[in-house]
Every structure is written in structure tokens, then in C-alpha cells.
Protein chains: 2
Amino acid sequence: MTEPDGGRPSIAKPTPISGFPELLPAERLAEQQILEQLRTVFELHGFAPIETRAAEPLDQLLRKGEIDKEVYLLRRLHAADGEDADSSALGLHFDLTVPFARYVLENAGRLEFPFRRYQIQKVWRGERPQEGRYREFTQADIDVVARDLLPFHHDVEVARVMAEALSALPVPKLTLQVNNRKLIEGFYLSIGISDTTAVMRAIDKIDKVPVEVMRSMLTDEVGVSAEQAALCIAFASIATPDAGKLGFAISELVPETQWDPLLGEGAAELQAVVAGCAGLNADRVTVVADLRIARGLDYYTGTVFETRLAGFESIGSICSGGRYDSLASDGRTSYPGVGISLGVTRMLIPLFARKKLGASRSVPSAVLIALPDEQHRADCYSVAQRLRARGVPCEVAPSPQKYGKQIRFADRRGIPFVWFPAGASSEDGEPAPDTVRDLRTGEQLAADPDSWLPPAEDLRPQVIRPEQ
Amino acid sequence: MTEPDGGRPSIAKPTPISGFPELLPAERLAEQQILEQLRTVFELHGFAPIETRAAEPLDQLLRKGEIDKEVYLLRRLHAADGEDADSSALGLHFDLTVPFARYVLENAGRLEFPFRRYQIQKVWRGERPQEGRYREFTQADIDVVARDLLPFHHDVEVARVMAEALSALPVPKLTLQVNNRKLIEGFYLSIGISDTTAVMRAIDKIDKVPVEVMRSMLTDEVGVSAEQAALCIAFASIATPDAGKLGFAISELVPETQWDPLLGEGAAELQAVVAGCAGLNADRVTVVADLRIARGLDYYTGTVFETRLAGFESIGSICSGGRYDSLASDGRTSYPGVGISLGVTRMLIPLFARKKLGASRSVPSAVLIALPDEQHRADCYSVAQRLRARGVPCEVAPSPQKYGKQIRFADRRGIPFVWFPAGASSEDGEPAPDTVRDLRTGEQLAADPDSWLPPAEDLRPQVIRPEQ
């Protein structure tokens with residue numbers, strides 16, 4: 001119930017708060033299994049779990065002058081005057097990267113590098129209300145961070161681990177889009193553009209505006225030539241799952257002899273990431289080199305990732321990240337990192353809403369033990385405990401209603417089996433065995449609580465895709 | 001890494017924030033296994049998981065005029081003037097009971113009652129800084145809530161489920177103390193005290209003051225007679241694991257013929273809860289009727305629980321709760337509940353601090369695949385994937401250092417096995433098999449990545465009790 005003096009009676013019918021989604025039990029059972037699948041893959045690859053506190057000092061959250069960040073400030077209800085002054089003010093974290101960088105610096109002496117971690121937690125954004133955007137949501141991040149130098153092969157590693165994790169999920173097909181900042185910058189330099197950042201920011205909108213608007217943004221606003229603009233747009237239109245074709249496609253735009261060294265370096269890295277994901281379950285996750293991906297204003301320095309969910313492209317990227325050569329630094333030592341972050345809530349809520357995802361039942365129980373009468377409650381508990389001892393989740397009916405009602409009780413919750421203790425059917429004095437009925441088939445068989453097991457797939461609620 | 005534009009480079013060495021504890025990876029690995037053990041027991045008993053949003057409307061958090069609540073208010077950094085006015089202000093939940101009551105009311109039409117739920121989440125208290133109290137901590141709650149009427153046997157159920165869950169944990173011995181508000185009130189009424197609440201509040205301090213102070217508090221402040229005060233103190237001193245002796249012990253103070261009906265009812269309920277927990281692992285958890293437990297100002301209406309951790313009594317109760325006949329009500333329908341809340345952080349942090357709890361390693365990896373040289377990286381990945389395919393967490397060494405260094409790399413992380421691919425030892429041209437070394441014994445044996453398995457207990461980091 002509650003620890004120190006919580007809990008209170010009688011509150012009027014409440015309504016949801018916009019941007020703070022909540023799940024019904026069956027949905028939460030599905031989400032929990034999906035989180036468990038993610039954890040399992042991350043741990044198989046040696047990623048260690050951490051959790052960071054929800055709050056960070058506001059000045060850390062707003063570093064780099066990004067005062068447009070949508071942050072929730074915390075203030076103690078009974079704060080003393082001046083207590084929450086600017087310097088000590090706390091805000092809720094809006095991602096898991098800022099807290100992770102801080103955690104690495106704070107614990108650098110107690111961590112072993114390269115440090116692989118995963119982190120599955122809620123984050124908060126102080127978005128304006130009524131905008132239909134999430135203000136609280138769950139992210140699942142993996143990152144590898146090193147001291148001073150992080151070998152490139154970790155870029156391949158995080159892509160592969162996340163792609164492997166995603167490929168195991170009961171969700172629509174996914175496309176992991178990979179690009180490389182060095183490649184982009186090298187290309188721009190190769191065609192004589194020096195303000196590469198301005199072009200990158202413009203090209204980042206390529207999916208949102210018609211091509212002629214894009215062209216005039218580049219020529220009129222950024223100030224490149226019409227020919228350069230055409231090349232940038234052609235470059236950003238290259239997308240291929242065949243990493244081997246990348247060099248050829250780019251050389252069609254700029255002869256390899258004119259390549260800036262960064263272009264070659266970026267192309268090699270991008271090819272390595274895409275090639276490194278070969279052999280995955282391609283029916284579930286496609287990994288493509290997609291040269292339009294730039295990750296906007298982020299401070300990535302090499303590999304960048306985004307991910308699209310088939311049929312749900314309008315929700316944008318559900319899994320993004322990249323290489324970050326200065327994830328954290330304390331002035332003397334720098335900690336480069338590479339990572340990728342899955343927007344769990346962003347991916348799952350639309351699937352639940354469109355009935356593309358659910359659970360086979362709303363309770364963990366695989367079995368309801370029917371209760372013949374209150375005198376048999378202890379016997380029913382004993383049956384339940386013997387089933388649980390062998391890992392079968394079950395519950396005893398709350399009251400000795402007619403069996404028809406008890407069966408409907410199980411049915412409404414999606415519990416597949418009802419157990420009838422011997423005492424139930426032995427009213428004529430005949431010793432009768434316990435029986436168990438499969439509500440889906442109606443089949444009812446004798447069963448021993450010390451040996452009966454449901455089919456393995458019925459032990460836990462199954463994650464289902466109702467309209468698949 | 002980060003979803004929309006997070007992450008920033010270069011921050012100065014940060015320091016912890018008082019009251020916001022964080023764990024190192026090995027500690028988090030231990031905590032995570034403990035949370036998994038709790039979840040497993042809760043689900044075996046049919047409790048369904050839910051999560052509620054972190055924020056609730058402030059007026060709900062402060063209901064019942066308890067303006068002394070230590071709440072964290074939320075405010076959007078870029079809030080428009082007047083936007084976060086009182087009526088719409090949000091605060092972080094300080095327990096899981098208030099949000100659960102709200103969730104039940106909000107979703108009553110979509111839940112099946114009686115509704116068993118468990119909820120494992122962070123909660124926040126806006127305590128004054130520098131007080132050494134937690135401002136962010138994890139709780140694990142189980143509750144059963146019904147519509148209109150909740151049979152008493154659910155009181156026994158939640159006690160038993162939590163006791164069973166606690167008994168499986170790798171923590172010091174626990175004592176679950178049970179009492180009953182009806183019993184307390186009935187006793188006071190039976191000895192002629194009418195202001196039972198005032199006495200209960202005073203007696204709640206019995207552990208904190210000497211008996212003579214207690215006595216004068218009762219006579220001078222509450223205004224009962226010296227004889228009544230003596231009886232109240234004697235009553236509160238009764239504690240027994242033998243529920244059968246309870247009636248006799250009380251009748252020594254007040255003859256059964258003078259018992260108020262509430263006293264008999266409460267005594268019967270208390271006996272039933274204690275007796276219902278019989279058969280548990282008594283070496284780990286002792287369940288006692290302890291008549292001093294009252295749960296202070298809480299609105300419990302029957303059964304009440306507290307829990308002490310042996311050797312850590314000074315931290316107070318780590319697991320508390322009780323019966324709450326009006327957990328929630330929308331005016332027409334009321335939802336009685338009974339539940340119990342484990343303070344996970346409150347229990348674990350002192351154990352970590354005193355080295356009573358830890359994990360056998362700081363990474364999930366059971367095996368480090370040694371890397372002979374960069375040319376063999378693909379072979380090493382292949383070994384790793386074949387081990388993972390059979391559920392063995394592993395990682396490939398980040399760089400081809402000398403084997404001695406790679407072994408120390410594994411050793412520092414507590415990884416028990418190092419795998420040497422065949423390529424490594426075949427420098428003389430002789431075909432050699434892969435070998436695997438147990439770093440604890442030094443034994444090194446030939447092994448096949450498609451069949452080798454570590455001992456089952458090495459698959460995952462083990463939760464250990466270092467100074468046991």
C-alpha cells in the first residue's frame with residue numbers, strides 16, 4: 001500500500017493528463033516482455049545496466065546555450081526562500097545521454113573502460129500541453145564509451161546489437177538508416193562547399209519540403225551554386241542496403257580523384273557499419289546506407305543512425321544515435337562514445353492504439369483454481385502453491401460462486417485454464433481426481449497439482465499482434 | 001545515444017546530489033536481479049504489473065489537507081504566464097498508492113475486480129537537502145482492490161505474497177510485524193477510552209521514548225487514567241509469532257467478557273494473517289503479531305504491516321502497508337484495498353554501503369573472447385555469436401593486446417572465463433582447438449563454441465553477500 005503516511009480516500013473521477021501516457025495491464029504485460037527481450041540481447045553482448053537519477057542540475061541540462069530545451073524544473077513545495085536559486089535548481093532529464101555523460105565523469109575512477117552500458121528509463125520533456133507530444137516516455141539506450149580513444153569497431157557493434165534487439169521484437173518491419181557525418185562533410189568539401197554545417201542543416205529538412213523548395217533554400221539561403229545544390233540533393237537521395245555500391249554511387253556525382261580525404265574515410269566507415277550488420281534477420285530489420293540522415297543539430301562526429309517503423313513512418317525516427325567524439329570531458333581526459341537510443345513509448349503507443357500489439361491475457365495467471373466453497377479454501381491454496389512451486393502462475397477464485405461464473409471470471413481475464421479441486425466433484429462421496437479445463441478447447445482432464453504443467457507457451461501471457 | 005538533439009560535450013567533474021542515490025554497475029546488476037525475483041513471485045500469485053505516470057495533479061497529492069507533504073512541483077521551463085496556475089499544477093508522486101487509487105478510478109470500467117496489481121517505480125519526496133534522507137527512491141508495491149467489498153482473505157494473501165517474496169531475497173533476516181486497527185481500537189474501547197485516535201498517535205511513539213515519558217504523555221497529554229495508560233503500554237508490548245497465544249495475552253489485561261466486539265474481530269483477523277503465513281521459510285522471514293504497530297496517521301482500517309531488517313533496525317520499517325477500506329471512491333462506488341509496499345532503495349542502499357550485498361562481476365559477460373590480432377576479429381565475433389545463440393553473455397576484447405593484459409581485462413571486471421580462438425595458439429602452423437580458461441582455477445580446456453557452456457551459476461552475475 002504505502003510507506004510513510006501516503007494514500008488517501010475518495011477522489012473524484014480523474015481524467016488523463018495530455019502527454020503522460022499510461023497502459024492497461026495487458027498492454028503493460030506486453031511492454032514488459034518487450035523490455036525484457038531488449039535487456040536480454042543487450043546483456044548477451046556484455047552491456048551492463050545502469051540507472052541514473054531523474055534530476056540533473058539545470059545548468060548541465062541547458063549547456064551549450066540551448067535554452068530552447070523543453071525541460072521540467074523541480075521545486076520543493078516547501079522550499080525556503082532562495083533555496084532553489086538558479087545555481088542549485090534541478091530539472092528532470094530529457095534524454096539519457098546527458099545523465100550518462102555526467103555519470104561517466106562522476107564515476108570515471110570506478111568504471112572499467114571501454115564501458116558498455118544500457119539504460120532503460122523514463123525521460124521527461126516540458127512540452128506545451130495539448131500538442132499531442134509525449135511529456136513522459138521510456139527510452140532504451142545502449143552506448144559504449146572509452147577513455148581518450150574509442151576504436152571504430154564499436155560503431156559497428158552498437159548498430160549490430162540494436163538491430164539484433166529490434167529484429168527479435170513483435171513489431172512491424174524496421175529500417176535502420178545509417179549515414180556518416182565525415183562522409184557528408186567530405187562530400188560537401190569535395191564539391192567546393194566550405195560552410196558544410198549550413199548545408200547539412202538545410203538538407204536535414206529534405207523529407208519535409210518539395211525538391212524545388214529544397215533547391216532554393218540551398219541557393220538563396222545557404223548561398224551555394226545551383227550545380228552544388230543539385231549535387232547535394234542527388235547525394236542525399238542515395239540510399240542502398242548494398243554497402244558495396246556506395247562508392248560507385250558517390251563517384252557518379254564526384255570522381256573519386258576529387259574526393260576530400262574525409263569523404264573516403266566516411267564512406268569506408270559507413271560501408272563497414274552496413275556490412276557489419278549482414279546476417280541479421282533481414283525479414284525483420286533492414287539496414288541501409290541512407291545519405292539523407294544527418295541528425296540535425298546534434299553533435300555527432302561520424303556514424304549517425306535513424307530508424308523507421310513500416311506503416312508508421314509519420315511518427316518519425318523511433319531509434320536514433322551515433323558517434324560522439326566528445327561525449328564527455330573533464331578538461332584533462334575526454335570520453336568519446338557511440339550509442340543508439342530506442343524510443344520505446346514512441347514505438348509502442350501507436351501499436352497499442354492501432355491494435356497491432358497486445359497480450360493474450362490481462363493477468364499473469366495461467367490457471368484459475370476454482371473454489372467449491374469457503375471450507376475448501378485451504379485446499380485450493382495448497383493446489384496453487386504446488387503449481388507455483390513449479391513456476392505456474394495462478395490464482396484462487398475470490399469467492400465460491402457457481403462454477404459457470406468462475407469460468408467466466410477466468411475467461412474475462414484471458415486465463416486459459418481452470419482447475420477444479422477434487423473436493424468439488426465428490427459430492428456423492430466418490431473420490432474424484434482434480435481436473436483441469438482448457439477454456440479454449442473445453443477439454444477437461446484429470447491432473448495432479450504436483451506434476452501438471454500447461455504448454456510452455458501458456459506459462460506467461462503471450463505478446464500478440466491482433467490485426468496481423 | 002540520444003533521441004532528438006540531446007547530449008553535449010565537455011562538462012566539469014560533477015558531484016552527487018544529496019538524496020538522489022545512484023548505483024555502480026555491479027550494484028545495479030544485483031538490484032536488477034532482486035527486482036526480478038520480486039516480480040517473479042508477484043506474477044506467480046497473479047499480480048499484474050502496472051506503471052503510472054510520475055506526475056499527478058498537485059491538488060490530488062495534497063488531498064485531506066496534508067499540506068506538510070514533501071512534494072516536488074513541476075514547472076515547464078518555458079511555461080506561459082499563468083499556465084501552471086494552481087489548478088493545473090503537477091507534482092511528482094511521493095508514493096505509489098495515490099497514483100494507484102487514481103488509476104483505479106480512471107480505468108474502473110476497463111479493469112476486472114478484484115484487481116491484483118504490483119507496481120515497481122521510483123517515487124520522489126521534496127525533502128530538505130542535506131538531511132540524509134532519500135529524495136528519489138524505488139518502491140515495490142502489491143495491492144488488491146475490489147469494487148464495494150473486499151473479502152478479508154486478501155489481507156492474508158498480500159501478507160503471504162510479500163513474505164514469500166522477501167524470504168527469497170539475499171538480504172539479512174526480516175521480521176514482518178502485523179497488527180490490526182480494529183484490535184487496537186477495540187482494546188481501547190474495552191478499557192473505557194473513547195478518544196482512541198489520540199491514544200494511538202501517542203502509542204505510535206513507544207519505540208522512541210522511555211516508558212515513563214510514554215506514561216505521562218498518555219496521562220497528561222491524552223488524558224487517560226494511570227491505570228488505562230498502564231494497560232495501553234502493556235497491550236502495545238505484546239509481540240508473539242504464535243498467533244494462538246494472542247487471545248490469552250490480551251485476556252490477561254482485559255477479561256474476554258469485557259471485550260468490545262471490535263477487539264474480538266480484530267484479534268481473529270490478526271490471528272488469521274499470522275497463521276496464514278505459516279509454512280514460509282522461517283529462517284528468512286518471521287511473521288509476528290506485534291501490537292505496537294499502528295502506522296501513525298495513516299488511514300488504515302484493519303490489518304497493518306511493518307517490517308524490520310535484522311542488523312538494520314535503525315532505518316525503520318522497510319516494508320509497510322495495510323487494509324484501507326476506502327482506498328478510492330468516486331462518490332457512487334468505493335474501492336476498498338489492501339496492500340504492502342517494499343522500500344527497495346531503503347533496504348538495498350545500506351546493504352551496499354556496508355558490503356552486505358554485491359554482484360560477482362560488474363558486467364553481464366560470462367566470457368571474454370581474447371583477440372589475437374585485428375585480422376581475427378571476425379572469427380572472434382563468430383565465436384561470440386555462437387555462444388550468445390545458446391544464451392551465454394560474452395564480449396570480444398576491444399584490442400589485440402598481449403594475452404596477459406586481456407586476461408587482466410577480464411579479471412578486473414570479474415568475467416570468469418577467457419576464450420582463446422584457435423588462431424591464437426597455432427602460430428607454429430599446427431591446427432589447435434579453441435580453448436577456454438577458468439580464471440578462478442587457471443584450468444584451460446579445449447572447447448567448441450557450438451556446444452561449450454559455463455556452469456549454470458556462472459551464466460549471470462551472482463548476487464553475493466561479501467561479508468556474510
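Predicted model: local features only at pLDDT ≥ 70, side-chain atom pairs only at ≥ 80, totals over all residues.

Reader: What makes β17 and β18 of chain B paired strands?

Author: Two strands pair if there are at least two bridges between them. Strand β17 (residues 435-438) of chain B has three bridges to β18(B), so by the cut-off of at least two bridges they count as a pair. The two run antiparallel.

Reader: Which sheet does that pair belong to?

Author: An open one of five strands in chain B, ordered β15-β14-β16-β17-β18, and its pairing is mixed. From one strand to the next the twist averages 25°.

Reader: Why are β15 and β18 of chain B said to stand at the edges?

Author: Count the partners: β15 (394-396) and β18 (444-446) of chain B each have a single partner strand, so each has one side left without a neighbour in the sheet. There's a helix here too. Helix α12 (residues 377-389) of chain B lies across β14 (367-369), β15 and β16 (417-420), running at about 175° to β15(B).

Reader: What is the order of the nine strands in the other open sheet of chain B?

Author: The order is β1-β5-β6-β12-β11-β10-β7-β9-β8, again with mixed pairing. Here β1 (48-49) and β8 (239-240) stand at the edges with a single partner strand each, so one side of each has no neighbour in the sheet.

Reader: How do you know that β1(B) is paired with β5 of chain B?

Author: Same test. Two bridges join β1(B) to strand β5 (residues 115-124) of chain B, and at least two are needed, so the pair qualifies. These strands run parallel, and two bridges join them. Within the pair, Ala48(B) stands opposite Arg117(B) in β5(B).

Reader: Which helices pack on this sheet?

Author: Helix α5 (residues 181-190) of chain B is one of them, touching β7 (174-180) and β10 (303-309), with its direction at about 50° to that of β7(B). Helix α10 (residues 261-276) of chain B packs on the sheet as well; α10 touches β7, β9 (285-290) and β10, and its direction makes about 160° with that of β7(B).

Reader: How do you know that the copies meet through the same surface?

Author: 100% of the interface residues of chain A are also interface residues in chain B, so the copies do meet through the same surface. The contact takes 102 residues from chain A and 103 residues from chain B. On the side of chain A that touches chain B there are 41 nonpolar, 29 polar and 32 charged residues.

Reader: Which strands are joined across the two chains?

Author: Strand β3 (residues 72-76) of chain A and strand β3 (residues 72-76) of chain B, which run antiparallel and are joined by five bridges. Leu74(A) has Leu74(B) as its bridge partner, while Leu73(A) stands opposite Arg75(B). On the chain B side, two bridges join β3(B) to strand β4 (residues 90-92), also antiparallel, and there Leu74(B) stands opposite Leu90(B).

Reader: What makes the peptide bond between Phe113(A) and Pro114(A) stand out?

Author: That bond is cis, with omega about -5°. Pro114(A) is found in the loop between α3 (97-107) and β5 (115-124) of chain A. In chain B, a cis peptide bond joins Phe113(B) and Pro114(B), with omega about -5°.

Notes
Residues numbered from 1 in each chain as written. Chains lettered and ligands numbered in written order. Helix = DSSP H or I, 4+ residues; strand = E, 2+ residues; numbered from the N terminus. Contact = placed C-beta atoms within 7 Å. Nonpolar A, V, L, I, M, F, W, Y, C, P; charged D, E, K, R; others polar. Axes fitted to C-alpha atoms, helices over the stretch in contact; angles between N-to-C directions.
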